[in-house]
Structures are given as structure tokens and as C-alpha cells.
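I opened the model to look up a few local details. My notes follow.

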Amino acid sequence: MAAQTNPWVIAPTEERNPDTVDIDLAGTLDMLCMINDEDAKVAAAVRAVLPALAGAVDLAAVALRGGHRVHYFGAGTSGRIAMMDAAELVPTYGTDPSQVVAHHAGGLEAVQRPIENVEDQEVGGADEGGELLPEDVAVGLTASGRTPYVIGALRAARARGARTILMSANPGASFGTEVDVHVGVATGPEVIAGSTRMKAGTAQKMLLNAFSTALMVRLGRTYSNLMVAVGARNAKLRGRVVRILVEATGLDPEVCAVAAERAGGDCRVALVSLLAGVPVGVARDALAASGGAVRQALAIAG
């Protein structure tokens with residue numbers, strides 16, 4: 001079924017903002033204050049949808065624990081934010097690049113150079129969404145809640161047996177009823193009508209940051225609030241691993257450096273070895289049995 005769009009019904013982000021109608025007459029500082037005042041509304045709008053976001057995180061955690069994947073779909077600003085979030089999970093949490101994959105309408109070329117018509121191609125999204133497997137999770141990002149590329153991707157993914165999540169700046173988006181979870185954040189009219197790279201984009205960045213961070217915590221990629229799924233692949237990271245081990249254990253840096261070396265630079269292996277008082281081989285086996293989660297590995301090793 002093709003996405004139906006009434007051109008006379010506008011999304012909330014397209015409405016005119018009554019608080020910024022004179023922005024072109026304002027001095028530079030007053031103009032920036034108007035922008036900042038609008039930005040300040042985003043955090044509260046995101047907080048209001050955290051229950052829905054929690055449901056999205058739990059869906060994704062089940063998928064990744066089961067060996068399935070999470071896919072982001074977006075166009076323009078939404079797609080670029082999705083690409084950034086997926087890419088940064090690899091160095092930050094040591095994920096496999098195939099676990100969280102971002103798809104941008106028009107491909108990589110459209111990330112660097114806007115190709116406006118690709119977001120209207122529902123069939124393009126359907127082609128990409130149709131590649132998902134049952135139990136995968138598809139996350140669609142669209143400020144309006146009705147971008148054809150995103151709708152096509154999520155419908156095709158759902159037909160394949162994947163779970164679907166929509167993140168939009170339009171709580172009343174009709175497509176929200178077709179997905180498992182709709183995270184519809186009410187950011188309201190933009191400072192400049194329709195410029196969704198502003199409040200709507202900020203909200204999507206906040207939502208994806210929170211979504212992927214909570215997902216990594218749920219998967220045991222942290223210990224307490226420490227980023228422990230990191231390997232010592234260069235001098236900077238070797239220093240970071242030692243600092244993390246010192247914070248987590250309270251031991252001397254020299255002791256932690258030796259443990260990290262024995263663990264081959266694997267922070268989690270060194271951490272379990274130090275906290276449980278076991279050889280690195282036992283720590284590595286415990287982590288394998290726990291799916292990489294440090295706290296469960298400590299219970300197994302200890």
C-alpha cells in the first residue's frame with residue numbers, strides 16, 4: 001500500500017512559530033536567544049516520550065541478544081543522525097558493525113550531497129526494508145512521521161517478520177498506528193518553519209543517543225557507568241583501558257596495566273580477572289558464557 005499524503009495537512013514542524021515571527025528584525029543576540037529558547041523545550045518533549053522509548057530499547061535488546069540486528073532508516077537530517085549514531089557505537093562500545101546498521105535514502109552519496117527526491121521513493125525504502133530478517137528491528141526516523149522512504153522500509157520490514165519502531169516529531173502521525181512502538185515527540189513548530197534540522201533534529205539526536213546508550217547498557221557493554229567494551233588498539237586506548245580499570249577496581253595503575261597486558265588489551269577480560277581474582281583465561285570464558293556482560297561474568301567466575 002502506497003503512503004497517502006494530504007498536501008493540505010501539514011506536520012507540526014511545518015507550522016509557523018508565533019514566538020519567532022520577528023526573528024528577521026531582531027538583533028543578533030536576541031535572534032540567538034529566540035533559537036535557544038526553542039531549543040530549551042526539546043529536553044522536556046523528549047522526557048515525555050521516555051516510556052515509549054523504553055519499549056523501543058527493550059525490543060532492540062531482545063533482538064541483539066538473540067543474534068539479530070537493528071536497522072535505522074532515515075532521509076536528510078534524520079538519516080544523517082542515524083548514520084552517525086550507528087557508526088559511533090563501534091568504537092564506543094566495541095560492537096560489530098553488522099549489529100546496528102544505518103540506511104540513508106539515496107545511499108552514501110545523499111549523505112554528503114542532498115538529493116531531495118529520494119525521500120519520496122517508498123519503493124526504495126521497501127527494497128532495503130525487505131532485506132531484514134524475522135526478529136530484526138527496524139527503526140524509522142522522520143520528523144513528519146510520513147516520509148515515504150521510511151514508511152516503505154518499515155512496512156517491508158514488518159512484512160518480513162521484523163519488529164518496527166517509528167521516531168518522529170509528529171505524535172499524531174497516522175503511520176504510528178502501523179508500528180510496534182511510535183516514539184512521537186512533540187517538538188512543535190520550528191524557529192524557521194519546516195527547518196527540521198533544528199528542534200526536530202535535536203530531539204532525534206537525543207532520542208537515538210538515549211536509545212543506543214540504554215541498549216548498550218542493557219547488553220552489558222558497560223560496568224557501572226564505565227565504558228568497558230573497549231580494546232587497547234593504540235596508545236590512547238591503552239591509557240583509557242588502564243584508567244577505566246583503576247576507576248572500576250581502585251587498584252594501582254601499575255597493577256591494572258599488567259592485567260590489561262595479560263588480557264591482550266581487552267578491558268572486560270582484565271576487569272573480570274581483577275575483580276573476581278581469577279586468571280585471564282577463566283575471565284574470558286566467563287565473559288563468553290555471559291554474552292560479554294561483565295556483571296554476569298563476575299557471578300560466573302566468582
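Where is the place of S290? I found S290 in the loop between α12 (280-289) and α13 (294-301). I kept in mind that this model is predicted.

**Entry 1: S290**

Is S290 buried or exposed? I read a relative accessible area of 15% for S290, and it counts as buried because the cut-off is under 20%. Next I checked the side chain. The side chain of S290 reaches the backbone oxygen of L287 at 3.1 Å. Then I listed the neighbours, leaving out residues up to four places away in sequence. On that basis S290 touches Q296, A297 and I300.

**Entry 2: α6 against α7**

I moved on to a helix pair. Helix α6 covers residues 122-129, and helix α7 covers residues 148-159. I noted an angle of about 35° between them, with the axes 6 Å apart. The crossing of α6 past α7 is right-handed.

Which residues in α6 meet α7? From α6 I wrote down E122, G124, G125, A126, E128 and G129. Their partners in α7 are P148, Y149, I151, G152, A153, R155, A156 and A157. I sorted the residues of this contact by type: seven are nonpolar, four polar and three charged.

**Entry 3: the annotated span**

Last, I looked at the record. An unreviewed UniProt entry lists residues 60-221 as "domain: SIS". I checked how far apart the ends of that span are. The end C-alpha atoms of residues 60-221 lie 14 Å apart. I also took down the make-up of the span, which is 43% helix and 16% strand.

Note on methods: Residues numbered from 1 in each chain as written. Predicted model: local features only at pLDDT ≥ 70, side-chain atom pairs only at ≥ 80, totals over all residues. Heavy atoms only, no water. Axes fitted to C-alpha atoms, helices over the stretch in contact; angles between N-to-C directions. Helix = DSSP H or I, 4+ residues; strand = E, 2+ residues; numbered from the N terminus. Left-handed = near helix turned anticlockwise from the far one by under 90°. Contact = heavy atoms within 4.5 Å. Nonpolar A, V, L, I, M, F, W, Y, C, P; charged D, E, K, R; others polar. Buried < 20%, exposed > 50% of the residue type's maximum accessible area, 1.4 Å probe, protein only. Polar contact = N/O pair within 3.5 Å; in protein donor to acceptor, adjacent residues only side chain to side chain. UniProt positions renumbered as here; feature names shortened; annotations may be inferred.
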